Every structure is written in C-alpha cells, then in structure tokens.
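Please read the following report alongside the sequence and the three-dimensional view. The text is meant for someone meeting this structure for the first time.

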Amino acid sequence: FKGVTPADITPIPDRYYPPFSNESLTVDHRANATFVILARNSDIDGTVRSIREIEDRFNRRFRYPYVFLNEESFSDDFKKRVSVLSAAKMEFGTIPRDHWYQPSSIDEKKADAGRNRMVEQGIIYGGSLSYRNMCRFNSGFFFRHPLMEKYRWYWRIEPDVHFHCDIRFDPFAYMEENNKVYAFTIAMYEFEKTIPSLWSHVKDFIKLHPEYLAKDNAMRFLSDTGGDTYNLCHFWSNFEIADMSFWRGEAYTKFFEYLDDKGGFYYERWGDAPVHSIAAALFAPASQIQFFDQIGYEHNPYTHCPRNEDTWKEEKCTCDPKRNFDYDGYSCMKQSAHSANARNA
Ligand code: GDP
Ligand code: MN
C-alpha cells in the first residue's frame with residue numbers, strides 16, 4: 001500500500017459536469033412549514049440517511065427548513081454532518097429542561113413500580129425513563145419550542161426512516177388549501193398494556209368538556225362501541241404532517257394538561273401516537289384528517305406503499321406494493337375507512 005497523498009486527488013474537469021443543477025429544480029415553498037427532527041447526537045448516522053432520502057425525493061425542490069431538537073446541545077459533528085445535506089435553512093435547538101424531564105409532581109416510587117411492572121410484562125421500552133420523556137415531549141411540547149413557534153405546519157421525521165417514492169406535490173400546501181389538520185400514512189393498534197387507564201381519562205375529559213368534541217368527528221376510528229371502549233387504533237406518529245395551531249389551540253392544550261396531570265406518561269407509558277390520534281380524531285372533524293396514499297414511507301418494521309398503481313409507477317417507488325402494511329391484519333386502515341378522507345384513498 002503506497003498511500004494517497006493530496007496531490008494524487010486530481011479534480012475532474014468542469015466539462016465532465018453536464019449543465020444541470022439543483023437550483024433548476026427549486027420551486028418556492030409556499031407554506032409556513034418546517035421539518036422537525038428529534039434526535040440524540042448518537043442518532044447522527046440514521047438522521048443523515050433520513051435527510052438524504054427526503055431531500056432526494058422531495059425537499060431538494062421545495063427547500064422547507066429543518067428544526068433539530070435534543071435535550072442536550074447538538075455536537076459540532078452532528079451539525080456539520082447534517083448541514084451538508086440540504087440547501088435549506090437548518091436550526092438546532094436545545095429543549096428546555098421542564099419540557100423534557102419527569103416533573104416533580106410525579107410520585108417517583110409509583111413511577112418506578114410502573115416501570116418494573118412493564119419490564120416484567122416484557123413491554124418494549126417498558127423500563128425506559130428517557131422513552132417516557134420523549135413521548136411526553138412529543139405529545140405536549142415540541143410545538144412550543146422557541147424554534148418552532150414561528151411555524152404553523154410541521155413534518156415529523158425520525159432517524160432511519162425511508163421515503164420510497166418521489167413526492168412532487170407539496171403536502172403542506174395541499175393541507176392548507178384543503179383545510180386539513182393532521183396527515184398520516186400508517187395506522188395500527190397500540191399495545192394495551194402501555195395505556196391501561198388512558199381511555200377512561202379521555203372519557204372523563206369529554207364529560208368535563210363536551211364542547212371540544214367536533215361535529216362529525218372520527219370516533220368510529222377509535223371505538224367500535226360508540227365511545228365506550230377504545231379499539232387501540234392510532235396513527236403511527238413517527239410520520240406526521242400537521243397543523244400546530246391545532247396542538248396550540250384550547251381543546252388540545254386543555255386535553256394535554258388534563259392527561260399530564262394524571263401522570264400516565266410516567267406511571268404507565270402513554271405514547272404520543274395514541275394521545276395525538278385521539279385528539280385529532282375527536283377534536284377535529286373526520287374530513288380534516290388526511291391519509292396520504294401518495295407518500296411511500298417506511299419505519300422499521302412497517303411500510304406504506306402507494307395503493308394507486310399509477311402513483312407507484314410515476315413516482316418511481318422503491319417499495320414492494322405487495323408488502324403494503326395497509327393490508328396487514330394489524331393495520332387500522334379498515335377502521336380509518338370510517339373517516340371521511342380515507343374514503344378518497
Ligand atoms: P420508536 O420509534 O418508538 O421505536 O422510538 P425511537 O427510538 O425511534 O424514538 C422516537 C424519536 O425520538 C426518534 O426521533 C428518536 O431519535 C428520538 N428520541 C428517542 N429517545 C430520545 C432521547 O432520549 N433524546 C433525544 N434527543 N431524542 C430521542
Ligand atoms: Mn422510531
């Protein structure tokens with residue numbers, strides 16, 4: 001091995017570069033919107049892969065900005081490695097302590113007992129405190145972070161997810177113009193043992209505040225018994241495109257405060273997915289919930305692959321339509337067929 005000195009790295013002459021640039025693909029982004037990525041410094045590799053895919057499939061044309069959030073400050077290495085991936089603006093924020101850590105109002109003995117019980121039951125993340133902090137933060141705080149305040153719309157992205165198809169339309173503009181509040185690609189059943197008391201608190205809240213229930217809401221997505229019992233269906237919130245004015249509004253603010261006061265984010269292991277989903281399904285009319293068949297999306301182990309074959313072909317999808325989670329017995333798509341927009345799918 002001779003080694004390679006810098007002198008050996010000869011530049012490729014300009015004439016080998018055809019006249020094509022990212023700039024020529026750029027369209028003005030229209031909505032007041034941002035990507036939001038919650039990540040640890042150790043999530044850098046997966047974060048880079050996710051951004052690379054959303055840039056290639058969508059954002060190299062639209063250039064929506066990014067907000068990265070973390071309870072610790074982002075390392076220079078993290079910032080450097082994501083910064084090279086997009087021409088869009090990127091901002092890096094630290095989460096205020098009281099938006100992340102277990103509040104002092106929580107009885108730590110009781111929380112500890114709850115975690116131990118879930119470990120014994122073999123529940124995923126059952127013993128994890130940081131996972132609970134994350135779920136509570138995603139439920140009630142990300143949209144209140146100072147870097148997020150200036151935006152109305154967000155698209156949540158996680159490390160190591162996949163975008164399988166070109167996305168040549170602007171989902172934010174579509175949602176804004178069509179009066180949508182919340183969009184999903186995958187819906188499924190929650191593990192009941194993570195939320196044993198959640199539905200009874202939801203029912204109590206509704207009794208206290210019947211005025212927040214939307215007319216023509218999507219209760220049928222959540223309940224097969226007219227609201228008596230929860231069927232565990234929820235939108236898989238690792239993908240979310242939504243209107244933060246909904247989370248910032250009175251109904252959701254009161255709802256989150258009510259649930260947070262019950263302590264179930266720590267005594268149990270309430271996820272942001274059921275909390276967001278229940279609120280969207282009850283406090284917004286079903287017609288404002290959007291299913292995006294067009295967005296091929298994968299978060300291990302599940303994939304939504306467009307059902308529409310023209311979309312799959314025209315958008316050059318890399319997913320296998322036969323493995324679409326929509327048709328899985330564990331999918332709640334059959335339930336979401338009750339909500340108005342899914343009928344359009
Ligand atoms: P899962 O999808 O339910 O298996 O949970 P993940 O481990 O993917 O976490 C969900 C999101 O929260 C991802 O974007 C993670 O990067 C992020 N996340 C999870 N735990 C932490 C944490 O302790 N700190 C930070 N900053 N981000 C976290
Ligand atoms: Mn994840």
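What follows moves from the overall fold to one helix, then to some loop residues, and finally to the surroundings of the ligand.

## Overall fold

The structure is a predicted model, and the protein in it contains 14 helices and 12 strands. Its radius of gyration is 21 Å, close to the 20 Å that the globule rule gives for 345 residues, and the protein is therefore as compact as a globular protein of that length. Taken along the principal axes, the C-alpha atoms fill a box of roughly 70 × 45 × 40 Å. Of the 345 residues, 40% are buried.

Helix α10 covers residues 250–262, and its 13 residues should span 18 Å at 1.5 Å a residue, which agrees with the 19 Å between its end C-alpha atoms. Which residues of α10 are buried? They are Y252, F255, L259 and D260, and because these residues cover an arc of only 125° around the axis, they lie on the same side of α10. An α-helix has 3.6 residues a turn, so residues three or four places apart point the same way. On the other side of α10, the residues E250, E257 and D261 are exposed.

The buried residues of α10 are covered by several elements, including α5 (129–140), α7 (198–208), α9 (244–248), α11 (264–267) and α12 (272–283). Just after α10 comes G263, which takes a positive phi of about 80°.

Two of the buried residues can be followed in more detail. Y252, which lies in helix α10, has 23 other C-beta atoms within 10 Å and is buried for that reason, the cut-off being 20 or more. Once its neighbours within four places in sequence are left aside, Y252 is in contact with F246, W247, A279 and F283. The C-alpha atoms of Y252 and H276 are separated by 8.9 Å, although the two residues are 24 residues apart along the chain.

L259 also has its place in helix α10, and with 22 C-beta neighbours inside 10 Å it counts as buried. Not counting residues up to four places away in sequence, L259 touches H201, G264 and V275.

## Residues in loops

Most residues other than glycine have a negative phi, and most peptide bonds are trans. Against that background, where does R63 lie? R63 is found in the loop between α1 (44–62) and β2 (66–70), and its phi is near 55°, a positive value in a residue other than glycine. N179, in the loop between α6 (171–177) and β6 (182–184), likewise has a positive phi, near 60°. The peptide bond from N300 to P301 is cis, with omega near 5°, and P301 lies in the loop between β11 (297–299) and β12 (302–304).

E211 belongs to the loop between α7 and α8 (219–222). The C-alpha atoms of E211 and S200, 11 residues apart along the chain, are separated by 18 Å.

| Residue | C-beta neighbours inside 10 Å | Class |
|---|---|---|
| R63 | 18 neighbours | partly exposed |
| N179 | 11 neighbours | exposed |
| E211 | 8 neighbours | exposed |

## Around ligand 1

Which residues are found around ligand 1? They are L38, A39, R40, D43, N70, E71, S130, M134, E158, P159 and N238. By type, the residues of this shell divide into 4 nonpolar, 3 polar and 4 charged. One of the residues around the ligand, N70, falls within the range given for β2 (66–70), and both S130 and M134 from the shell fall within the range of α5 (129–140). That helix is also among the elements that cover the buried residues of α10.

Notes. Residues are numbered from 1 along each chain as its sequence is written. Chains are lettered from A and ligands numbered from 1 in the order in which they are written. This is a predicted model: local features need pLDDT of at least 70, side-chain atom pairs count only at pLDDT 80 or more; totals for chains, interfaces and linings use all residues. A residue is near a molecule or strand if its C-beta atom, placed from the backbone, lies within 6 Å of it. Ala, Val, Leu, Ile, Met, Phe, Trp, Tyr, Cys and Pro count as nonpolar, Asp, Glu, Lys and Arg as charged, and the others, Gly among them, as polar. Helices (H or I, at least four residues) and strands (E, at least two) are DSSP runs, numbered from the N terminus. The radius of gyration is taken over C-alpha atoms; the globule rule is 2.2 Å times the number of residues to the power 0.38. A residue is buried if 20 or more other C-beta atoms lie within 10 Å of its own, exposed if 12 or fewer, and partly exposed in between; C-beta atoms are placed from the backbone. The expected span of a helix is 1.5 Å times one less than its number of residues. The arc is that of the directions from the helix axis to the C-beta atoms. Two residues are in contact if their C-beta atoms, placed from the backbone, lie within 7 Å.
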